[in-house]
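Me: I would like to learn how to read a structure feature by feature. Please take me through one.

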Amino acid sequence: MEGMKRYNGKAIYKGIAIGTIKLMEKSKNDTSLRKIEDAEAEIARYNEARDEAVRQLQDIYKKAVEEVGAEAAAIFDMQSMLIGDDDFTDSVYSTIRDNMANAEYAVHESGETISKIFSQMEDEYMRARSADIKDIADRIVTILCSNGSGKESAGAGGKSILCADDLTPAETVALDKSAVLAFVTKYGSSQSHTAILARTMNIPALAGIAVDAEWNGKLAVVDGFAGELIIEPDAETLAEKEKLMKESLEKLAILQQLKGKESVTRDGRKINVYANIGSVADADAAIDNDAEGIGLFRSEFLYLGRHTYPTEEEQFVAYKNVARKMKGKKVIIRTLDIGADKQADYFNLEKEDNPAMGFRAIRICLDRPDLFRTQLRAIYRASAFGTIAIMYPMIISVDEVRRIKKISADVCYSLNKENIPYDNVEQGIMIETPAAVMMSEELAQEVDFFSIGTNDLTQYTLAIDRQNAKLEPFYDAHHPAVLREIEMTVKNGHKHGCWVGICGELGGDIELTEKFVEMGVDELSVSPSRILAIRDKIRSI
């Protein structure tokens, strides 16, 4: 026995698991360059494999909905769209034609190139899509190689800790869920498919640990609180972790008992705990975790991964579906936040030296009012089917808000003329720039509510690019300047009848929950998996 070894990684879902390790082995495909004689015939071969990949994804989607729910399954719809992406297709075609290359090589190279572009984006959700590009490329290559039929197998056996370099969405669906105690991967993030599945299954997961083949079959502990993997723990360590695991399971059971209860402090103050969602499917996770509403519905998912602007009808259906699912609970839809790290080619946005401070979000909407009106019409129409509010991102001035209100009034006028029903819709803005904080008293006189986007507010206030790893030692999410800005915003909002929420990462930071309650924050919007923990904290204050 070699003795106990510890490995530190990134905790992507908390919890404790104890069991034997099982390595996921994957078949290797030959993607080396081979010269061909007929480029068009090779392209036809690629097209056939691509179509088969789409069929497989449709089958996997149906299975995923049944096994892991709509939230985790939604990724397969996105992957089907990515397969047909013009950039990906054009890259494959040109690689085949320019190099007289085989399709396997062209698909692999195109996947690597486009995946790298996604991996360098600022937004964590978009960075996680890098794995999707690799996944669809691998699927098509597997079909081209006739290596099975592109179907993955996770193997069978008793309960175990699953270790792999990474897990693709299809591999997660193929898993025997009842046999997995925890996940350990080399790659991944809180937005990865492994993390989504871990949240769905309520099991711990770690990323950033290079998997060693020698671990297979050995006893191990996954500590999702400390971000630690322990191979062959000694008796003392095992006893300590078993105690932590028992406490964790007991707390989880207690949190489940909070479903159906209000988020009220011990002295009777109500704080709304809402969910952040990025798609229609995510509403199911919000409901499962007993969200009191949707505090941030990121509408840009409708604009990404496609070749043309979504129609009014497409948007209306998506917003209506979420409103119906929430059964009268408030749904706050953020108007499109395209730009910076979230790019869609058909917007034809110019390359910018500093895109985070460039042509994005509300600036695009005000510059392209027809695009804005289409989205607003869809939102207003959906308001007839639930309780909907609208939130506008990247606001820096009162003039912007007044221009928005004029366009909004025009939209309502047109709906009235067409006898299209809609309900009263609260109007709010995101406070995510220092300018908005400083103007919050004036802005509060123009809108119904504020929602503080702490991610960008922190970045702009500290003048720190969150994507720059060299600046990590200087980044302080709890910086006093940011907390003072939040307090100032709450005070100014309340002075003029505005309710104030937080929808950024800090909203789910349990270390700050009590401070936010003391400040007078009315609402916290967090990822669905954080709702019950935040409710528990509020009820203890």
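Me: How are α15 and α16 oriented to each other?

Reply: Two packed helices are described by the angle between their axes and the distance between the axes. This is a predicted model, in which local features need pLDDT of at least 70 and side-chain atom pairs count only at pLDDT 80 or more, while totals for chains, interfaces and linings use all residues. Residues are numbered from 1 along each chain as its sequence is written, and side-chain values use heavy atoms, with hydrogens and water left out. Helices (H or I, at least four residues) and strands (E, at least two) are DSSP runs, numbered from the N terminus. Axes are lines fitted to C-alpha atoms, for helices over the stretch in contact, and angles run from 0 to 180 degrees between N-to-C directions. Here the axes of α15 (residues 454-462) and α16 (residues 480-495) come within 10 Å and cross at roughly 125°. α15 and α16 are therefore oblique to each other; angles under 35 degrees count as roughly parallel, over 145 as roughly antiparallel, 65 to 115 as roughly perpendicular and the rest as oblique.

Me: Which residues of α15 and α16 make the contact?

Reply: Contact means heavy atoms within 4.5 Å. On the α15 side they are T454, L457, T458 and T461, and on the α16 side A481, V482, E485 and I486. By class, four are nonpolar, three polar and one charged. In this scheme Ala, Val, Leu, Ile, Met, Phe, Trp, Tyr, Cys and Pro count as nonpolar, Asp, Glu, Lys and Arg as charged, and the others, Gly among them, as polar.

Me: At what angle do the axes of α11 and α12 cross?

Reply: The axes of α11 (residues 369-382) and α12 (residues 398-417) cross at roughly 60° and come within 10 Å. This pair is therefore oblique. From α11, residues including F372, L376 and Y380 meet residues of α12, among them I404, I407 and V411. The contact of α11 with α12 divides into nine nonpolar, two polar and four charged residues.

Me: Which residues have the most contacts inside the largest nonpolar core?

Reply: In soluble globular proteins, nonpolar side chains tend to be buried together. A nonpolar core is a set of buried Ala, Val, Leu, Ile, Met, Phe, Trp, Tyr and Cys residues joined through side-chain atoms within 4.5 Å. Buried means under 20% relative accessible area, exposed over 50%, partly exposed in between (1.4 Å probe, protein chains only). The largest core has 81 residues, and I486 and F516 have the most contacts inside it. Not counting residues up to four places away in sequence, I486 touches I452, T454, I502, L506, F516 and M519. Apart from that core lies another, of 29 residues, including F88 and I136.

Me: Is A463 buried or exposed?

Reply: A463 counts as exposed, at 66% relative accessibility. A463 is in the loop between α15 and α16, and its phi is positive, about 55°, although A463 is not a glycine. D290 also has a positive phi, near 65°. D290 lies in the loop between α8 (282-288) and β10 (294-298) and is buried, with a relative accessible area of 16%.

Me: How many helices and strands are in the chain?

Reply: The chain has 18 helices and 16 strands. Buried residues make up 53% of its 541 residues.
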